[in-house]
Amino acid sequence: MSEIPSGDERTDRATAAARRVPLSRGLSTKLLLLTIVFVLLAEILIFLPWIASYRLSWLKERLSTAAAVSIVLVQGEPASLSRAAQNDVLMAIGAKAIAVRDGGVSRLLVVAEMPPHVDEHIDIANVGLIEGMTGALDTLFFGGERMLRVFGPVGDSDKEFELIMPDYSLRNAMLIYSRNVAFVSLLISLFTAMLVYAAIDLIMIGPIRTMTRSMLAFSEAPDDPGRIIRPAARADEIGVAERELSQMQERLQKMLSEQKHLADLGLAVSKINHDMRNILASAQLMSDRLRQVKDPTVQAFAPKLLRALDRAVSYSEGVLAYGRTQEPPPSRRRLRLRQLVDDVHGLLDTEGGIEFVNAVDLAFEVDADSDQLFRVLTNLCRNAVQAMAADAESAVVRRLEVSAERVGSVSRITVTDTGPGLPPKARENLFAAFRGSARSGGTGLGLAIAYELIRAHGGTVELVESRGGRTTFAVTIPDQPVRLDQARNGLRRPA
């Protein structure tokens, strides 16, 4: 008994079928058909002057034969020809009558049966291109039972010859000619289409097909380096597309690898977070007891132990905060920035000769989320303090200054320190988690978190300057736009 495929298997089969392009809908088939159609259209446009030229040549040939017969008859005696001989001459030419005009006098040389009327008069010497094409199409589609009068000079003769003839022989000859031209045109179309198809398939369709297969294969296993396309050494647009696709696949594979590492890190941190908090709580409890010991050595080392524990807690909280799927949207209020900066100063370890300068004006206000802006400034200031504390030279100036200014509805907060500056690697990967750290053992999460929080405010965080002795970060936050209905309600309130 055969097994019934599951829903996932049916979905996979449907997806695989959707990715396979049938031959009837492929670019190769479309290219072949379009080439045949375009060549046939070109042949049709060329056919019109051809058929007009063939019709005129056919009539000229008959008129030339009639002229040769006419010259012989003019030099002899036309009346001496018997009726049977005249019929034979006219039958050979396919005419009803032959005449010659000389000196304004028209002379009927041979006549079998004079038709009652003539349907069309054709002056061989004065047939234009447009007139020739329209006449040829008219004869081809509607002729066969018409009587023609064909006249004009032949060669260098000063005489004008006339020929009265039906057009059915002309139409039959034109039909045969059209059939042969159509057959040859079809052969040329097929041959040209095959050549064009082979050339374009080799130059363009083949590489596009290769890129399509590479994209499909890469989408099935983006972590497999063997699925990345190997670009050909071409200098045209296809070569550029292949190289760009290869670079894009490499960047995407690298990004997916980093995302996977981050996901694994988040999972690992979430598993050990509970135990780490218990361990840190126990360590903090023991350190508090150590502070009660009167031993001078213990009293000297206890603050350092507390600071190390605080750094461990801060590191754990930073990793967990960055691992959140999404930060809550900012709850913006008008804040007194100087007081917020004082709160940030209270959490910093500025021992060791680090001077903290709060240069924010007392009346300066900023429109932001209090908690999120506090986290941003804390991260920036802590990085500056750690950079200056790592400098072993005792004579250098260690100063951290926070200032602010307003330009219109935009607040600009600057954090400037006199530290050694950011290393090149940190500047290249600024605001990138786990890559933009300015110190050994750091994670770079502080700047990454600050960047995301300020972006949620519609602002920016940028490195203004970084060199030995001066590093400046600028936080730009625009005020919230005021809705028109709120502004109107505020104006209508009584004073």
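1. A contact here means heavy atoms within 4.5 Å. With that in hand, look at the whole chain of this predicted model: of the contacts in the protein chain with a separation of 6 or more, 67% are between residues 24 or more positions apart.

2. Now some overall numbers to keep beside you. The protein chain has 12 helices and 12 strands. Of its 495 residues, 33% are buried. The accessible surface is about 30600 Å², and carbon and sulfur atoms account for 58% of that.

3. Next, find the open sheet of 5 strands, whose order is S7-S9-S10-S12-S11 with mixed pairing. S7 and strand S11 (460-467) are the edge strands, each pairing on one side only. On average, neighbouring strands of this sheet are turned by 15° against each other, direction ignored.

4. Both senses of pairing can be traced here. Strand S7 (residues 355-358) runs parallel to strand S9 (residues 399-407), with 4 bridges between them; Phe356 has Leu400 in S9 as its bridge partner. Strand S10 (residues 410-417) and strand S12 (residues 470-478) are antiparallel and joined by 8 bridges. There, Val410 has Pro478 in S12 as its bridge partner.

5. Which residues of S7 lie on its covered face, and which on its uncovered one? Phe356 and Asn358 belong to the covered face, while Glu355 and Val357 belong to the uncovered one. As a general rule, side chains in a regular strand alternate between the two faces of the sheet.

6. Finally, turn to helix H9 (residues 370-389), which lies across S7, S9, S10 and S12. Compare its direction with that of S10: H9 runs at about 20° to that strand.

Technical notes
Residues are numbered from 1 along each chain as its sequence is written. This is a predicted model: local features need pLDDT of at least 70, side-chain atom pairs count only at pLDDT 80 or more; totals for chains, interfaces and linings use all residues. Side-chain values use heavy atoms; hydrogens and water are left out. Buried means under 20% relative accessible area, exposed over 50%, partly exposed in between (1.4 Å probe, protein chains only). Helices (H or I, at least four residues) and strands (E, at least two) are DSSP runs, numbered from the N terminus. Two strands pair if DSSP finds at least two bridges between them. Axes are lines fitted to C-alpha atoms, for helices over the stretch in contact, and angles run from 0 to 180 degrees between N-to-C directions. Accessible areas come from the Shrake-Rupley method with a 1.4 Å probe; for residues, only the protein chains shown count as cover.
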